[in-house]
Each structure stands twice: as structure tokens, then as C-alpha cells.
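Please keep the sequence and the structure at hand while reading.

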Amino acid sequence: MNSLATLEYDRLLALVAKNAQTPMGRFGIENLNPLTSRLELERDLSAISETISINEEKQVSWSFSGLEDPSEAVSILGIKNAALEPQLILEIARLCNQALFARSVIAPEKDSAPTLWQIVEMLPTSLFDILSGISRKLLPSGEVDDSASPELSRLRHEINAQRVRLQKSLEKVIRASGDAIQDQIVTVRNERYVIPVKSDFSGKVSGVAHGSSSSGATVFIEPLEAIEANNELQKLKGKEEREVARIIFAITEELRAQLPAIELAVNAVAELDFIKAKVVFAQKYNAVVPCISQDETLELIDARHPLLEENLRKMKSDSSAAAGGSDIVPVSFKLSDEKPVMIISGANAGGKTVVMKTAGLLSLMAISGLPVPAADAKIPFYRSVLADIGDHQSLSANLSTFSSHISNIAEMMSECRPPSLVLLDEVGTGTDPDEGSALGVAIVDHFRRECSAQVIASTHYRGLKIYAANDENVINASVEFDEKTLQPTYRLLTGIAGASSGIEIARRFGIIDSVIAAARENLDISAQEAESYLHKLQKEARQAEDLTKALEEEREAVAMKFASLDIEASKKEKQRQKEFENKLSETIEGFERQSRAFIKTIEDKALKTKLEKERLARKAELNRAVVSKLSDNSTDLPTLARNIVSAFDDQAQPQIVEEKDGKIEAGTRVLTSFGQVGKVEKVDGETADILVGSMRLREKLSNLKPVAEVKNEESRAEKLQKKAKESTIELDSPDAAVELNLIGQTTADAEYELDRFLDESYIARVPKIRIIHGFGTGALKNFVHHFLKNHPHVEKFGFAPQNQGGNGATIVELKQ
């Protein structure tokens, strides 16, 4: 079947191969064929996806340069006792070095790129030692370095010394020969050092002649004094050559011992370059890695023909083009099990063939493991892609246009194996329109029903258009034609058949008006009506599409407007929250500072301890308010904080009262030494028990002063309740938790959770809570009991009843 040639698959491979950096990668691309193994296909596509991913996300990449085809060198390594040329050794070393570098950049990404890692995983890092040795022994030019072996170093040192001695000897002969010498230089002929002697004086200098100059004026003579020295020099050079050969052979043997690793490196470089060429192609043509569908769905979104795109790019870059090339118009459509056939109609030169070639070539690319130029692509794992496109007439084979098409289609029928994609250009053309139309319908239906193939066919026949319109499993499509400009737009419209517009196109191409008018008169009335109706449908479809696009643009504009309003509201809310938090922080800090300063002035330890507990309770009340009401926009937490602080201040801060004379006895109101007014409950000798608010304390009578009755004075509790009611926040929480599970926590974590839970429960006025600590070693239980013993909110606690956890839990009663 000639479908690969019809769809220009070879040209596509040549386009992709331009991105290869090595002969091996280029060879792999140029000889690529559609794959027959789904597993192999998915592996190739995964390699492309992984390469793109690690490059975009982590800028991981590899590149190959200066590499030649290593097949000759590898073949020589496979022959026992054969030595490589130094340049071939350097080529092998360069290839292995670049393969190991690629391995080093892929290794850190092996979890996210398992397919790529599998390619280089088996490369032994022991190659580094051999390559390092080669770089020390061979210079980039291919010469063996003096330090390659001690013997070579010694020989080259002796050669240099012998050369110096020989040159000095010849220079002495030159000076002694006087006018017989042509030039005062020592030169080399036949690898022996000689001196230039004038032809007329050649007999004056005894020695061996090694030829003359082109003019014959100079004879190059090796003086007798230099013969032995030259012989010695040649012996040393012979030894040097043998030592160099020995070193080259030793290097070859080292590489031969690593032949399996070298072959792995060659394969790795070839495959990585093969993958990289595909990735570069994808980047150049905005291609995507296709999804190989399981349900035999062919769906292309904004697909483009890569060869057409390449041609248009060349037109744009051609400075001789007046206006440059046009942008390619992408194609979108979907075929599925429910709708496996698409019939495309419309104007000549409108792009019907381009649609089919795009679908066919992109399908071949996908099943060959290549990225496809599209926004998205879902392509089945076709066993065959069959195409009958173009004019295949042949005079030598005695085939007309019609017979060549029919012959080709007959061959396609015999080769078609599901799943397959069948492309039929102008099916049934080249014969009587009625017969061709009927034959076209039959051919399409055969491929659809008997071969279970997906079919894309182009036509101008009304029979095929009606076939598509009457069968809900067939998609009617057309290429758009602009009636105003009489130009095709190359857009594919699905769901509607297209008018051929042959007469209009004929007029556009210069057919004289009288011929056009005669054609319109000869056109069948029903054909005219059908043509007119199709034009009307296309126009309405275009208007509907334009309206949809306008509505979508309006929707996007409204969405952007609402999004900007949301962003602005969010900014204002964040600003309000920040201001609120600053005010709250200032209020709490003021309370902390004020209460600490006051408590420091108190000398009575019992009173000081009690006030400190009261301060902690008020602080917990503030924290609870913040936690429970922070999300409530109507909550005025700074006001609440000031109320709680002032309630504490009413109890703690000195009051201005009117003193009076009189005896201090039970019931007398007195001013204490720290400025608080209280009532004497009991007098015991020189001391008195005094009730100040909710606190009881003992003071000497000498420190107390009777005061007048304070009118309308409220207790601390009454003031707190009154101001809490005035505030806009309700501290009680009907949903407060009554149980805390600490099992599995460390004592450090448990301390934080327990303290927070006690504060929340106290603020919520929960009378009784349960702490679950489990049995275990008893460490957590002991810590909990020790913590509860010293906590200001706890009235009493004890182990839970057996039906509530027994010794694995503790019941805590809170102060009210």
C-alpha cells in the first residue's frame, strides 16, 4: 500500500531528522516506521513527556556535539588483536563521555523520569577511569602524549637530544664549507637531516646526495659526518613508533574489555538524541504528546499539517515575498464508535484534502511515537492508515483517473484491518455523477460496516451529502467559503454540508462572464435551490458561531470584572483585619503591662498569687474571645478586651474614697494598704480578715483606714457581667467540647492542648470536662494530674467512673 508516500510520511521524517545532533539519531528518525507494539509506543511517548517535563520544570537537558558514527570503531573492537586508530579512540571516548554526562543529569530525576533513567541506568561509571586514562595519554589531535609511558618519555627525550647534536654537527659543516653552501640552514630530506649545497660545489662536500631543488641550483647532501648520527636518530624514531603502537594497542585492549559498556553508551546516545530530536520538533511546532485512546476515539483540537506549516514559514522568511505567507488555519473534529464517518463537502481548493492529509499524517505520527502539531490530540492505535488521495492515473499502466482510484480502493479493502483510518478524496469521482455518487456511498458504507474503519471522505456529490445528513452516525462537514470575497477560509465546519461553489470559483479564475452566465442558466433548478439552501445554512452557521464567540467574550469580560471586584474586596478585608489585629494587640499588651506592674507592687504573697491567677484567667478570656469570634466581622474585640481589662482594674486599681474616723470592727469598710476598699469580716487582736471583691486577705489594723460608704458600688463579677452584656460578643459557646483525647501525644504536645482546652472550657462556662490519657506507663496520666493541680481554672479533679474510662480518664470540675 502506498499510503505512507501519499501522506508524505518520508518528508515529515526528514523534517524531524533536522533536529538530530548525531548520525545515529538522524538514522533512527529517517528509518522510523509506525509501531506495531502498543507497549513500545507508550514507552516512546512517555520518554518525550518526561524529557519535556524535566526540561520545563527543572531545566534539565542534554546535548551532543562533535560525534561521528561509531559503527566502524565498534566493529574493530569486535575483532581480536585489531588496533584502533587514535582518532577512532578519541571518537569512542567522546561518545562515552557525553553518554555518562547525560546519565549524570538524568539520575537525580529518575523518579519523575523512569523511562529516561531506564535508557542510561546500565551505563557503568567505571568507564570514567578508562576515559580519564585516554585523555592523559592521547592529545586532542590524536598524538600520543610524552607522559603516556616512561619508555616513550625517555625515547622522545633522547630523540630531541640526538636531533640537537645532529643539527650542531651540520651547522659546523656549513660554516666549514664556506661559499659552497646555498643557504645557512639545516633541512630535512627523506627523513634525514641534510645541508643545501650549490650544484657547482657539490663535489666539495663529501656525503650522500638526497636530491636537488626544482631549479637544479641546489643539491641536498648528507655529509659523511652526519650519516651515523642520522642512522642513530632513525633507530630512536623506530623505537618510538613501536612504543606508540604498543600504547595504542593497550588502550584498544582496555576499550575492547569494555565493549558491552561502549555498545550501551552508543545505544543510549542514539536513543537520547532520537528523543531529543522529537522534543525539539515539538517545541518548534507547538506540538503535543498524543494520547493513545483506548476507546478508538480520534479527536484533534487545533491540528495543523506540519509540512504545510513549514512551507508557510519559508514563505514568510522569503524576503522576495511581497506580503509573506498566511497563517495556517487549524482543524478540529472528532470521530468515535458512535460517529465513525465524516463526509466533507464544500468549494474546490477550500481545504478538504488538507483536512484529510492532516488527519492521516498526524495519526501516522502518533502511532510512530512522534509529537503532533495540535493543541490536544487523542488518536487510536491504528493497525493501518489507508489513503486514496490525489490523481493516480498512469498511461504506462493504462489506468484512467477513475480506474486508478478504484484500483487503489480495491487494494485498501483487502488490506483494511480494524482499527484503521480510511481517507477517501473525491470518492467516486471520474465517472457518471449518479453512478459515482452511488458508488461513493457504497464504498464509504463498506469501510464503515464491514471493515469497522473510521472514514473521512471528501465529495461534491449530493448523494454522499444526503447520506451524511440522513444517518445520525455520520458527521456532515464542510470547508467554509466566503461569498463576499469569493475566497475559501479553510475553516472546517462540522454539522453542515457545503456548497461546491464551482461556478463562482470558475469566475474567480478568469472564465469569461458569458460562459458563467450560460452555466447558471443550464444549472438544474433543484440544484440551484440546493446550492442556495446550503449557502443559507452556512451563513446562518457562521452567524451563530460569531454570536457564540461574542457571548463568550462578554462572559469573560464580566468574569474578569467580578474577579477584580473580589480582589479589591479581599484587599480591603485584609487591611481591616490588619488594623483590627493591631488594635487588639495594643489592648492586650496594655492589659499585660498594667496588670504585671500592679502585681509587682503587692507584698502579700497569698494576695499576689491570687491576683496572678486572676490575671491569667482574664488573659485566657481574651484569647478565647479571639479564637471563637475572629471570623465575625461584627465583633468589636478591642471593646471586649477593654471591658475585661477594666473589670480586672476595678478589682485591682486603687479607688478614690472619703476617709472617716471611727473604730474598726466587723462590718466596717476600710481602705487597705494597697489602695483597695474592702469589708472587715473578723478582727483578731491586731489583725483583721478583710473581703476585697472575691478575695480575702489579712492585714494589720494599723495599715487600715475606715472609709465612708461607697454608693452604688458593684462587685467585680457584676461589672464584668454588665460590660460583657454591653459588648457585641457572646462568650458562651453552646457547641463547646467536653472531652479531650491526649492518647499518643508527648507531654509537650499534651501541655499545649490541655492548657488551651481548659481555657476554652472555662470561658464557655462548661462545668465538667473529661481528659482521656489512657493507661500506658502512667507518665501522661501523672503529668495531667500535676498540671491540673496547679491550674487556676480547676476546682477539683479525679479518675472517671468505670463506665466512663476508669483510671484511663480524668473528670475535671471547673470553677464557675
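## Cysteines

A search of the whole structure finds zero disulfides, a disulfide being counted where a pair of cysteine sulfur atoms lies within 2.5 Å. In general, a disulfide is a covalent bond between the sulfur atoms of two cysteines. The sulfur of cysteine 416 has its closest cysteine sulfur in cysteine 451, at 4.1 Å, which is too far for a bond. Cysteine 451 is likewise in no disulfide, its nearest cysteine sulfur being that of cysteine 416.

Cysteine 416 counts as buried because its relative accessibility is 5%, and cysteine 451 is buried as well, with a relative accessible area of 7%. Here buried means under 20% relative accessible area, exposed means over 50%, and partly exposed covers the range in between, as found with a 1.4 Å probe and protein chains only.

## Basis of the model

The model is predicted, so that local features need pLDDT of at least 70 and side-chain atom pairs count only at pLDDT 80 or more, whereas totals for chains, interfaces and linings use all residues. Residues are numbered from 1 along each chain as its sequence is written, and side-chain values use heavy atoms, with hydrogens and water left out.

## Salt bridges

The search of the whole structure finds 23 salt bridges, each defined as a side-chain nitrogen of Lys or Arg within 4 Å of a carboxyl oxygen of Asp or Glu. In one of them the side chains of arginine 156 and glutamate 240 meet, with an N to O distance of 2.7 Å. This pair links distant parts of the chain, since arginine 156 belongs to helix H9 (residues 150-177) and glutamate 240 to helix H10 (residues 224-257), 84 residues apart. Helices (H or I, at least four residues) and strands (E, at least two) are DSSP runs numbered from the N terminus. Both arginine 156 and glutamate 240 are buried.

Aspartate 471 forms a salt bridge with arginine 449, their closest N and O atoms being 3.8 Å apart. Because aspartate 471 lies in the loop between helix H16 (462-470) and strand E15 (474-482), while arginine 449 is in helix H15 (residues 433-449), the pair ties together parts that are 22 residues apart in sequence. Aspartate 471 counts as buried at 14% relative accessibility, whereas arginine 449, at 49%, counts as partly exposed. Asp471 and Arg449 also belong to a network of salt bridges that links them with Asp445 and Arg448.

Within helix H23 (residues 747-763), glutamate 753 and arginine 756 lie three residues apart, about one turn of the helix, and they form a salt bridge whose closest N and O atoms are 2.6 Å apart. Glutamate 753 is partly exposed, with a relative accessible area of 21%, and arginine 756 counts as partly exposed at 31% relative accessibility.

## Surface patches

Patches are made of residues with over 30% relative accessible area and no salt bridge, like charges being joined within 9 Å and nonpolar side chains (Val, Leu, Ile, Met, Phe, Trp, Tyr) within 5 Å. Asp295, Glu296, Asp337 and Glu338 gather in a patch of negative charge on the surface. Glutamate 296 is found in the loop between strand E6 (291-293) and strand E7 (298-303), and at 33% relative accessibility it counts as partly exposed.

A nonpolar surface patch of about 250 Å² is made by Ile511, Ile512 and Val515. Isoleucine 511 has its place in the loop between helix H17 (502-508) and helix H18 (513-522), and counts as partly exposed at 39% relative accessibility.

Notes:
Areas by Shrake-Rupley, 256 points an atom, 1.4 Å probe, with all protein chains shown as cover. Lys, Arg positive; Asp, Glu negative; His and termini not counted. Charge placed at Lys NZ, Arg CZ, Asp CG, Glu CD.
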